[in-house]
Amino acid sequence: MSDQTASPNTGTGTGTGTGTGTDEGDVTASDPQWLSDAERNAWLDLAGLLLRLPGTLDAQLERDSGLSFFEYMVLGMLAEQEGGELQMSKLAILTNGSLSRLSHVVQRLERQGLVRRTPCPQDRRARHAVLTDEGLARVEAAAPGHVAHARALVVDAVDAADLEAFGRVAATILDRVDAWQRG
């Protein structure tokens with residue numbers, strides 16, 4: 001391991017790794033490429049964001065609207081579609097959720113009368129989620145508070161150039177996550 005040391009608290013390690021780490025899977029667990037101090041700090045900041053931001057978004061939406069963030073995303077993505085309708089697999093992609101998670105959430109929203117599921121006319125095996133009038137009213141009522149909260153925590157916290165760069169970085173990472181999940 002030369003001058004690199006593993007960090008038992010984070011598993012990220014510290015030291016002066018020499019590889020570029022640009023290719024997915026180019027380093028095996030038996031040959032780790034430890035993070036530099038700058039990489040470790042960025043990674044821990046990202047991990048903190050991933051762990052803390054969803055809870056903050058959930059708390060505001062639950063308090064003000066009785067919806068979780070994921071439920072809000074499902075309703076919001078449906079509201080943006082013509083006719084408020086979308087095939088479940090496409091809705092899973094738009095909400096960045098698994099089809100299994102989406103199915104459970106849509107079932108819960110269906111019990112509340114916010115969505116309904118219908119057969120897909122093009123594919124008898126697939127189902128559509130359809131936003132009800134009550135679901136549209138609920139997401140429209142939740143939107144102003146959620147947007148204000150998202151703006152206060154994220155959008156207005158950085159300048160436009162940083163926000164644009166953050167969007168590009170997030171899209172790049174999401175592409176890699178998608179590729180990894182596909183195997």
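At 58% relative accessibility, Asn96 counts as exposed, where exposed means over 50% relative accessible area, buried means under 20%, and partly exposed lies in between (1.4 Å probe, protein chains only). This is a predicted model, in which local features need pLDDT of at least 70 and side-chain atom pairs count only at pLDDT 80 or more, whereas totals for chains, interfaces and linings use all residues. Residues are numbered from 1 along each chain as its sequence is written, and side-chain values use heavy atoms, with hydrogens and water left out.

Asn96 sits in the loop between H3 and H4, the helices (H or I, at least four residues), like strands (E, at least two), being DSSP runs numbered from the N terminus. Although Asn96 is not a glycine, its phi is positive, at about 55 degrees.

Asn96 also belongs to the lining of the second largest pocket, together with Ala92, Ile93, Gly97, Ser98, Leu174, Val177, Asp178, Gln181 and Arg182. A pocket is defined on a 1 Å grid over the protein atoms alone as an open set of points with protein on both sides within 12 Å along at least five of seven lines, in contrast to a cavity, where a 1.4 Å probe fits but cannot get out; lining residues have an atom within 4 Å of a point. About 250 Å³ of space lies in this second largest pocket, the volume being the space filled by probe spheres set on grid points that are joined across faces, edges and corners. Helix H3 (88-94) and H6 each supply at least two lining residues, and the largest share, 5 residues, comes from H6. By residue class, the lining divides into 4 nonpolar, 4 polar and 2 charged residues, with Ala, Val, Leu, Ile, Met, Phe, Trp, Tyr, Cys and Pro counted as nonpolar, Asp, Glu, Lys and Arg as charged, and the others, Gly among them, as polar.

Helix H6 itself covers residues 160-182, and its 23 residues reach 33 Å from the first C-alpha to the last, close to the 33 Å expected at 1.5 Å a residue; the expected span is 1.5 Å times one less than the number of residues. At its N-terminal end H6 is capped by Asp159, a side-chain oxygen of which lies 3.2 Å from the backbone nitrogen of Ala161. After H6 comes Gly183, whose phi is positive, near 90 degrees.

From the pocket and its helix we turn to charged pairs. A search of the whole structure finds 6 salt bridges, each a side-chain nitrogen of Lys or Arg within 4 Å of a carboxyl oxygen of Asp or Glu. One of them joins Glu71 to Arg108, with the closest N and O atoms 2.8 Å apart. Because Glu71 lies in helix H2 (residues 69-79) and Arg108 in helix H4 (residues 99-111), this pair ties together parts that are 37 residues apart in sequence. Glu71 is buried at 5% relative accessibility, whereas Arg108 is partly exposed at 34%. The C-alpha atom of Glu71 is also separated by 6.7 Å from that of Val105, 34 residues apart along the chain.

Another salt bridge pairs Arg117 with Glu110, again with the closest N and O atoms 2.8 Å apart; Arg117 is partly exposed at 24%, and Glu110 is partly exposed at 27%. Asp123 and Arg125 form a further salt bridge, their closest N and O atoms being 3.2 Å apart. Here Asp123 counts as partly exposed at 24% relative accessibility, while Arg125 is exposed, with a relative accessible area of 74%.

Conventions
Polar contact = N/O pair within 3.5 Å; in protein donor to acceptor, adjacent residues only side chain to side chain.
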